[in-house]
Amino acid sequence: MSSSLQNDTVQGSSSSSRPNGADQQPTVVAPLSRYESQKKRDWNTFGQYLRNQTPPVSLSQCNFNHVLEFLRYLDQFGKTKVHLHGCIFFGQPDPPAPCTCPLRQAWGSLDALIGRLRAAYEEHGGSPENNPFGTGAIRVYLREVKECQSKARGIPYTKKKKKRSQIKGPHNNTSKSFKQLTS
């Protein structure tokens, strides 16, 4: 190849990357929110977990059993002491001494994780109907973990009651009783 032909090829390829010879501006990507960063990290961790299975599991083959195994796998990294039934501190929120009961993932952490993975699955092209993170089996597992941890730690989980907000205005009769309104 002659040097003039090489030069034309190089010039042609460089000019084709810039339309009309204009310089392209670098694209600025906004930093991800904390939630989006966690969701991305969790999605990558779950994908790595599937790839490390023997044999590796593709996302299209993934079902709720793989999700349950993943949640159980994560327990080894937990920081929440969950007392066993035979432990003398079972049901005590603040035990006075250490014990040999296992550390687990806290229910709230697992619940938030499943929410992020459920959203990530659909963002990566999965259909809501086939989402392995949203099945009844996952909800049952989370409910059982919640109840078990509640009993073991002596800390009942109660739903927070929604506060009713009263709309205040010139024609608002919400503070009057029913009898006052009908008389």
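The largest pocket in this predicted model has a volume of about 260 Å³. A pocket here is an open set of points on a 1 Å grid over the protein atoms alone, where a 1.4 Å probe fits, with protein on both sides within 12 Å along at least five of seven lines; lining residues have an atom within 4 Å of a point. The volume is the space filled by probe spheres set on those points, which are joined across faces, edges and corners.

Because this is a predicted model, local features need pLDDT of at least 70 and side-chain atom pairs count only at pLDDT 80 or more, while totals for chains, interfaces and linings use all residues. Residues are numbered from 1 along each chain as its sequence is written, and side-chain values use heavy atoms, without hydrogens and water.

| Pocket | Volume | Largest share of lining |
|---|---|---|
| Largest pocket | about 260 Å³ | H4, four residues |
| Second largest pocket | about 230 Å³ | H5 (residues 136-153), six residues |

Helices are DSSP runs (H or I, at least four residues), numbered from the N terminus. Helix H2 (34-51), helix H3 (64-74) and helix H4 (107-123) each give at least two residues to the lining of the largest pocket. Among its lining residues are Arg41, Phe70 and Leu113.

The second largest pocket has 16 lining residues, and Asp75, Val82, Arg104, Cys148 and Gln149 lie nearest its centre.

Now for the cysteines. With a disulfide taken as a pair of cysteine sulfur atoms within 2.5 Å, the count is zero. Cys87 is in no disulfide: the nearest cysteine sulfur, that of Cys101, is 3.5 Å away.
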